[in-house]
Amino acid sequence: MERSIEKRLNLLSAYALISTIVFGFLLLTSVRSQDKNEQFDEITVKKINVVAEDGELRMVLSNETRQHPGRMNGKDFEKRDRPAGILFFNEEGDECGGLIYHGKTENSQTYSGMSFTMDQYKEDQVIQILNSESYKDGKERISRGIAISDLPTGSDLITRINKIEELQKKLKSLSEKEAEELVAKIGNSLGSKRRLFLGRTGDNNSGLYLSDPNGVVKIKIYVDEGGNPVFEVKDNQGNFNNILNVE
């Protein structure tokens, strides 16, 4: 009887010891696995999500099919077509810029381009480095450069989108003249205003273009398609005057 009890105690002790060792090993490997530093010679993926320590998105690298639709105020936008590339997200989880690219020929027309953008807080892009090309029927249209735009300080992208949608619904019930007047009064305040462009335009001019707070170009300093230097300033009547005299 005593031997039987002693045998059972020995078995329980052995079981407890083995269980402790196994549990400790699993715990140790689990802790280690949370901070692995893997090295690869090559990796092929369709999408990569980079997250913070709390699991929130910081960056997405994806093909066009799996690209993130964008996020603002903790809510994802509806699924939409977006090019392949990299999207950036700030500490609050809002999309704040990205690098996208595309290029294909379809129906005898070629489209190609790349864009690196930086967004205003809680808003859309205000700085862009871009290359845009299109070719059709032997004609080309190319724009390359740096663009800087303005959006209202404190503006919120979601609120602005909702206002634009409301405006579009209202315009359908108005006459053409009434619609034009409403857009002139309200519509212009809902869009971004380009303040500066430096680069090549679709007209094959290369130069600097400066605009007022309403996005109206006031100064043009460029070299035209024929190689002629031009310095134009818009007067109070809305006419451009070339103030550069070259003999």
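I began with K220, whose charged end sits over the ring of F240 at 4.3 Å from its centre; a charge sits over a ring here if NZ of Lys or CZ of Arg is within 6 Å of the ring centre and within 35 degrees of the ring normal.

Ground rules, noted before going on. I am working from a predicted model, in which local features need pLDDT of at least 70 and side-chain atom pairs count only at pLDDT 80 or more, while totals for chains, interfaces and linings use all residues. Residues are numbered from 1 along each chain as its sequence is written, and side-chain values use heavy atoms, with hydrogens and water left out.

Entry: the chain as a whole. I looked up the secondary structure and found three helices and 14 strands, where helices (H or I, at least four residues) and strands (E, at least two) are DSSP runs numbered from the N terminus. Of the 247 residues in the chain, 24% are buried; buried means under 20% relative accessible area, exposed over 50%, and partly exposed in between, with a 1.4 Å probe and protein chains only. Among contacts between residues at least 6 apart in sequence, 28% join residues at least 24 apart, a contact being heavy atoms within 4.5 Å.

Entry: aromatic pairs. Rings of Phe, Tyr and Trp (its six-membered ring) pair if their centres lie within 6.5 Å, and planes under 30 degrees apart count as stacked, over 60 as edge-to-face and the rest as tilted. By this rule I count two aromatic pairs. Because F197 belongs to strand β10 (residues 193–200) and Y209 to strand β11 (residues 206–211), the pair ties together parts that are twelve residues apart in sequence. Both F197 and Y209 are buried. The other entry is Y209 with Y222, a stacked pair at 5.8 Å centre to centre and 20° between the planes. This pair links distant parts of the chain, with Y209 in strand β11 and Y222 in strand β12 (residues 217–223), 13 residues apart. I read a relative accessible area of 11% for Y209 and of 13% for Y222, which is therefore buried. F197, Y209 and Y222 together form one aromatic cluster.

Entry: the loop between β10 and β11. T201 is found in this loop, and because its relative accessibility is 16%, I list T201 as buried. Apart from neighbours within four places in sequence, T201 is in contact with I142 and with Y209, the latter a member of the aromatic cluster. N204 has its place in the loop between β10 and β11 as well, but at 27% relative accessibility N204 counts as partly exposed. The phi of N204 is near 65°, a positive value in a residue other than glycine.

Entry: D137. The phi of D137 is near 55°, which is positive in a residue other than glycine. D137 is found in the loop between β8 (125–136) and β9 (139–150), and with a relative accessible area of 65% D137 is exposed.

Entry: Q67. Which residue lies in the loop between β2 (57–62) and β3 (71–72)? I found Q67 there, buried with a relative accessible area of 1%. Q67 and P83 are 16 residues apart in sequence, and their C-alpha atoms are 7.2 Å apart in space. Leaving aside neighbours within four places in sequence, the contacts of Q67 are V60, S62, K79, R82, P83, A84, G85 and L87.

Entry: T117. This residue is in strand β7 (residues 109–119) and is buried at 11% relative accessible area. With neighbours within four places in sequence left aside, T117 is in contact with G97, G98, Q125, I127 and Q128.

Entry: helix packing. Helix α2 (residues 157–171) and helix α3 (residues 176–185) pack at an angle of about 160°, with axes 10 Å apart; axes are lines fitted to C-alpha atoms, for helices over the stretch in contact, and angles run from 0 to 180 degrees between N-to-C directions. I therefore recorded α2 and α3 as roughly antiparallel, given that angles under 35 degrees count as roughly parallel, over 145 as roughly antiparallel, 65 to 115 as roughly perpendicular and the rest as oblique. Where the helices meet, L167, K170 and L171 in α2 face A179, L182 and V183 in α3 through contacts.
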